[in-house]
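My entries follow in the order in which I looked.

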Amino acid sequence: MINGEIASAFNRIADLMEISGESGFRVNSYRRAARTIKAHAEDLAVVAAEGRLTTLDGVGKSSAERIVEFVETGTIGALAALQETLPAALPDLLRIQGLGPKKIAVLHSELGIGGVDDLKAAIEAGAVAGLAGFGVQSVKRISEGISFLEKSGGRTPLGIAWPIAVAMAESLRGWPGVTRVEIAGSLRRGAETIGDVDLLCACDEADPVMEAFVSQENVQRVLAKGSTKSSVTVAIGNGRELQVDLRVVPAGSFGAALQYFTGSKEHNVRVRELAVKRNLKLNEYGLFDGDVQIGGETEAEIYESLGLSCFPPEIREDRGEFDVDVTPSLITIDDIRGDLHMHTVASDGKGTIEEMARAAMERGYEYIAITDHSKSSVVAGGLSVERMKQHISDIRAADVRIHGIRILVGCECDILMDGSMDYPDDVLADCDVVVASIHTGMTGAKADPTDRLLRAIDNRYVTIIGHPTGRLINRRPAMDIDMGRVMSAAAASHTAMEINASWRRLDLKDLHVRQAIETGVMLTIDTDSHHMSQFDQMGYGIRTARRGWTTADHVLNTREITDVIDWIGQKRG
DNA sequence: GCCGTTTTCGGCCCGACTGTTTTCAGTCG
């Protein structure tokens, strides 16, 4: 799969062109093509071979030629040519707040700066202040930007940012004069990682709210403070910081502002283009016909005035939402009837079977599957065949003893290097649910992960492929899997694929979820809980599912227990 | 560079904040 590499190359071209002073429209066209390429599930080498590249959004003749060039040679001449004229690491400076293409061009032409280290040295030496457009304040801001980049370490996982945002929003709601607060931005869209937290607030008087916002105890630095918009950073542990933006808007504009600040940027560009086509103007204050506001108190008003449905935030990515007649009715957490992947003290969990069952009942679940690790997962306390047989009896006994919830017998069985299962078939046959997962040999070329998954799917007792790509967000990349083949095999064999709801994984991710649905694969959304409290992570899995356009029908654990058992039985024959 | 039921040229979303170039460019979202 070369799509990621091509998208990176296109973004690099855009960065370098922008610093070169190239037309912003040309720059944007490369970024748009890069985005399409990155989001395309099918391998671009295949699309190129079949001559379909220009059917992709934002890919024209020129981009298609560059893609073909990459497929054939592994490089793009245009990128190489740009890198001859500008240092390859110069675009890294674009990630520093307060530095844009124009200032970076000055830094390079005047001081020969080629990367972040050069810039730090030049600031240290006092060479930057005094350059055209650089005063004392901007140098200070750039220094802070460098330090923030080092402390933020890029994007923050959803599961870290969400509780912080909820707590800040809750606190804001209690302030005098504040009438409404919502979380917007990529957090509201349920993105797996976020750049910053966007809070939106309606209030009687903005200035005192802004003053209180920047004066909060957990604020590390104030990046900006105005009457409608302020930015601060807050500490999130390990010496790292997260940016939080607050916007204050009039109540009559709240819907327009929520729509605008929820994004995505690409989605908003499309919406505004549609407004322009109708001779209307859309901004964060409302939808306007000339000077007359015709909408903006609610989001629905804006969308409906433009002849659109009020898209759920999770699909506002310009990934086809404008092209369908009917927006699907996406799954909600209330559709979930059970959880089919969790661990107990028998392996590496912290709760007993009974504690997990009671915690599940508190969440209104009708069933759970206990799925402890198999024998090869030694560090995770995987169960030998003998212990597993005892565990099966214990689960059956708990199911009889505990009323109000059905407790299914399961296991999370390792997929071994050759794709065979870690337990013999007779043990798997005694389980109601088998989650099959890869835990070892993810890196290195010893075994092809696609072949391993395909062989696992071929096993009649395997119900669910657990965390299929093995990625850990910000920590470990996904295995290089031919997802098209795996999904086709899963769909054909009545094997479900998991959306692992742990915020560290979110695996399948949104794009793969979409691909699964298009391929006809049954999904499950499971928390992989190792503690009772981790059932709360279901919400992150739901968001990921929604980002992949999932409805309740696509998900096995929205069904009644008898239907779940029937569905599993169809594969076993 | 891409795109098109106002098409093959001429447009491509819009506003806030900051600092510095005293009237606005650069950056950001």
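**Entry 1**

I began with an open sheet of three strands, whose order is 8-9-10 and whose pairing is antiparallel. Strand 8 and strand 10 (292-295) are at the edges with a single partner strand each, so one side of each has no neighbour in the sheet. From one strand to the next the twist averages 35°.

I noted the terms and the numbering here. Helices (H or I, at least four residues) and strands (E, at least two) are DSSP runs numbered from the N terminus, and two strands pair if DSSP finds at least two bridges between them. Angles run from 0 to 180 degrees between N-to-C directions, with axes that are lines fitted to C-alpha atoms, for helices over the stretch in contact. The model is predicted: local features need pLDDT of at least 70, side-chain atom pairs count only at pLDDT 80 or more, and totals for chains, interfaces and linings use all residues. Residues are numbered from 1 along each chain as its sequence is written, while chains are lettered from A and ligands numbered from 1 in the order in which they are written.

Next I followed strand 9 (residues 286-289), which runs antiparallel to strand 10 and is joined to strand 10 by three bridges. L287 stands opposite G295, and F288 stands opposite Q293. Strand 9 and strand 10 form a hairpin with two residues between them. In the turn, G290 has a positive phi of about 65°.

Strands of a sheet pair through backbone hydrogen bonds, either parallel or antiparallel. I then found an open sheet of five strands in the order 2-4-7-6-5, with mixed pairing. Its edge strands are strand 2 (178-184) and strand 5 (219-225), each of which pairs on one side only. Neighbouring strands of this sheet are turned by 20° against each other on average, direction ignored.

Which strand pairs with strand 4 (residues 196-203) over seven bridges? I found strand 7 (residues 241-249), and the two pair in the parallel sense. D198 stands opposite D245 in strand 7.

**Entry 1: domains**

I listed the domains of chain A, with bounds that come from an automatic or database domain assignment. They are domain 1 (1-86), domain 2 (92-152), domain 3 (156-249), domain 4 (253-323) and domain 5 (333-572). The centres of domain 1 and domain 3, taken over C-alpha atoms, are separated by 36 Å.

**Entry 2: around DNA strand B**

How many residues surround DNA strand B? I noted 40, the closest being G60, G100, K103, G135 and G226. A residue is near a molecule or strand if its C-beta atom, placed from the backbone, lies within 6 Å of it. Among the elements that give two or more residues to this surface are helix 2 (24-39), helix 4 (61-73), helix 6 (101-111) and helix 8 (136-152). Helix 13 gives the most, with six residues.

I sorted the residues of this surface into eight nonpolar, 18 polar and 14 charged. Ala, Val, Leu, Ile, Met, Phe, Trp, Tyr, Cys and Pro count as nonpolar, Asp, Glu, Lys and Arg as charged, and the others, Gly among them, as polar.

**Entry 3: a helix pair**

Helix 18 (residues 449-458) packs against helix 19 (residues 483-493) at an angle of about 0°, with their axes 10 Å apart. That makes helix 18 roughly parallel to helix 19 (angles under 35 degrees count as roughly parallel, over 145 as roughly antiparallel, 65 to 115 as roughly perpendicular and the rest as oblique). T450, L453, L454, I457 and D458 in helix 18 meet R485, V486, A489, A490 and S493 in helix 19, where contact needs C-beta atoms, placed from the backbone, within 7 Å. The residues of this contact divide into six nonpolar, two polar and two charged.

**Entry 4: backbone spots**

The peptide bond from G263 to S264 is cis, with omega near 0°. I located S264 in the loop between helix 12 (254-262) and helix 13.

Conventions. Two residues are in contact if their C-beta atoms, placed from the backbone, lie within 7 Å.
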